[in-house]
Amino acid sequence: MSDIRTVTVLGTGVLGSQIAYQAAYSGFAVTAYDINDAAIEAAAKRFAGLAETYKAEVAGAADEKADAALRNLTLSSNLAEAVADADIVIEAVPENLEIKRDTYAKLAELAPAKTIFATNSSTLLPSDMVGFTGRPERFLAMHFANRIWVHNIAEVMGTPATDPAVVQTVLEFGAEIGMVPVEIKKEKAGYLLNSLLVPFLSAAGELLVDGIAEPVDIDNTWRISTGAPMGPFQIYDMVGLTTAYNVSANGGPKQREFAALIKERYIDQGKLGMSTGEGFYTYPAK
């Protein structure tokens, strides 16, 4: 059993809100931080929606457990207050190195010495950020998959400077919040999941920008031929097109062309994927 009791999650987007809610659902005291009151208001609605989703999809959640999770959550736009007593801070801010640099510079000053810092970055190595943290021995990556209550893998990856005891603590914590923790033995961009997923999604984006086929036909081909439950553009909508843009904008020429396409056709039109009801596909209002 780990010695983690209080959890702070920085960022209440699609995955950040899921991480916070899952930890709260597992009985931890959780503070969810975001940058302003408008983001906090949006987060409150997202958490309420997650409670309803858990009631519908998670065994036992309808027996007051999903509502109890909401009571374990505190929302804050004050970073100092949010991390004041955190045993672990899980960072889920946008995939932008400058934003992460600024975040960790502030955290290094505000968080107590006991606090473990864990990044949920999908594409950046923890070594890219360790110099910003002020506590390299207590910093690592802890990566989650979307729809965390179903796809409950937690990939834990340290740097050469990470204390092995911290790695073990975070692996134990992962199990305590209902995850299947997997230790990544050495740093690998994309961990295991995204090392497999990103090339797949990039190939689909390239087919689109080259005018080979439309998203629905690419998805149908993949699903019918392999029996997979979702095609790549359905996955893009689930992950969120802002995340897809941030990752693709830092890729090669074709990925950057795809980033420009989704920004112009979708993001600039407010179509961000499932979270807004429209992306590559249109989703019914809940």
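A crossing of two helices is called left-handed if the near helix is turned anticlockwise from the far one by less than a right angle, and right-handed if clockwise. The structure examined here is a predicted model, in which local features need pLDDT of at least 70, side-chain atom pairs count only at pLDDT 80 or more, and totals for chains, interfaces and linings use all residues. Residues are numbered from 1 along each chain as its sequence is written, and side-chain values use heavy atoms, with hydrogens and water left out.

The crossing of helix H11 and helix H12 is left-handed, where helices (H or I, at least four residues) and strands (E, at least two) are DSSP runs numbered from the N terminus. The axes of H11 (residues 241-249) and H12 (residues 253-265) come within 8 Å and cross at roughly 150°, axes being lines fitted to C-alpha atoms, for helices over the stretch in contact, with angles from 0 to 180 degrees between N-to-C directions. H11 and H12 are therefore roughly antiparallel to each other, a term for angles over 145 degrees.

The model also contains an open sheet of 8 strands with mixed pairing, in the order S3-S2-S1-S4-S5-S6-S7-S8; two strands pair if DSSP finds at least two bridges between them. Strand S3 (73-76) and strand S8 (180-184) are the edge strands, each pairing on one side only, and the twist averages 25° from one strand to the next. Strand S1 (residues 6-10) pairs with strand S4 (residues 88-91) in the parallel sense over 4 bridges, and Leu10 has Glu91 in S4 as its bridge partner.

How values were computed. Parallel < 35°, antiparallel > 145°, perpendicular 65-115°, else oblique.
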